[in-house]
Amino acid sequence: MRVEQANLFNNAAYRLRSNEVVANDLHDRRIIHIHDKEYKGVTYNCLGVTFNSCNYSEDCIENFEYNLDKLFEEMVFLTNEQSGGIGYINIDRDLKDLFRDIPIKYAIGSIRRFFNKLNLPLRNGYERAYITFNLGLDTTIGGRKVSEVFLKALELGKPGSGEPFTFPNIVFKLKKGLIQREKQKTMTYFNRI
């Protein structure tokens, strides 16, 4: 029964999305809402991207901070060039080499400050950037450290006050078989979630 209902809704939604005239009419009459409709045909909406870090310095701390600044600059640029959210598809994989040799306590402090900056009005000076980080699948030492640091920074909240961050959204991915093979390490993350 539930599968049939889900299929019915999916098919109806597909037909609605494929008939732009009907969708626009329903939106204009406020029967449905089309997210970021005002930007359709003007700019991109909701991007999934990767971040390419670079070796700026031999010093791992300096290299780490430089790349966090570059990531932040990229987010500010993208959030003002398009509408909707920005999802970093595998941020643990993107940042694994940067995190590998960074002390965990230092990394958590840096990421908390980084998350705090993400909650500034970056989009046109009055909206927060809608950022999502997807993580959890990279099994390298650096990749696991990215997941651990991001989750701990999110748990600790804003520096000074401990208030929760509005952004980023964190999507913790699971891979079949990974939990059984590395149960102890993975359970550490589940305890944080």
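1. Helices (H or I, at least four residues) and strands (E, at least two) are taken here as DSSP runs, numbered from the N terminus. With that in hand, the protein has 8 helices and 4 strands, and from the N terminus on its elements follow the order α-α-β-α-β-α-α-β-α-β-α-α.

2. A word on the basis of this note. The model is predicted, so local features need pLDDT of at least 70 and side-chain atom pairs count only at pLDDT 80 or more, while totals for chains, interfaces and linings use all residues. Residues are numbered from 1 along each chain as its sequence is written, and side-chain values use heavy atoms, with hydrogens and water left out.

3. On burial, the terms are these: buried is under 20% relative accessible area, exposed is over 50%, and partly exposed is in between (1.4 Å probe, protein chains only). Of the 193 residues in the protein, 35% are buried. Strand 2 (residues 83-88) is mostly covered, with 6 of its 6 residues buried.

4. Two strands pair if DSSP finds at least two bridges between them; strand 2 and strand 3 (residues 131-135) do so in the parallel sense, over 3 bridges. G87 belongs to strand 2 and stands opposite T132 in strand 3. G87 is buried, at a relative accessible area of 13%.

5. Which rings come together in a cluster? Ring pairs link F64, F72, Y88, F99, Y106, F114, F115, F133, F150 and F165. Rings of Phe, Tyr and Trp (its six-membered ring) pair if their centres lie within 6.5 Å, and planes under 30 degrees apart count as stacked, over 60 as edge-to-face and the rest as tilted. The structure holds 13 aromatic pairs. In one of them, F115 and F150 have ring centres 5.4 Å apart and planes at 85°, so this pair is edge-to-face. The pair links distant parts of the chain, with F115 in helix 5 and F150 in helix 6, 35 residues apart. F115 is buried at 0% relative accessibility, and F150 is likewise buried at 0%.

6. Now the second largest pocket. A pocket is an open set of points on a 1 Å grid over the protein atoms alone where a 1.4 Å probe fits, with protein on both sides within 12 Å along at least five of seven lines; lining residues have an atom within 4 Å of a point. About 210 Å³ of space lies in this pocket, and its lining includes S53, C54, C60, D97 and R100. Helix 3 (60-81) and helix 4 (91-99) are the elements that give two or more residues to the lining. The lining residues divide into 3 nonpolar, 4 polar and 5 charged.

7. With a disulfide taken as a pair of cysteine sulfur atoms within 2.5 Å, the count comes to 0.

8. Finally, two backbone details to check. Most residues other than glycine have a negative phi, and most peptide bonds are trans. N124, in the loop between helix 5 (104-118) and strand 3, has a positive phi near 55°. A cis peptide bond joins F167 and P168, with omega about 10°; P168 sits in the loop between helix 6 (141-156) and strand 4 (169-172).

Key. Grid points are joined across faces, edges and corners, and a volume is the space filled by probe spheres set on the points. Ala, Val, Leu, Ile, Met, Phe, Trp, Tyr, Cys and Pro count as nonpolar, Asp, Glu, Lys and Arg as charged, and the others, Gly among them, as polar.
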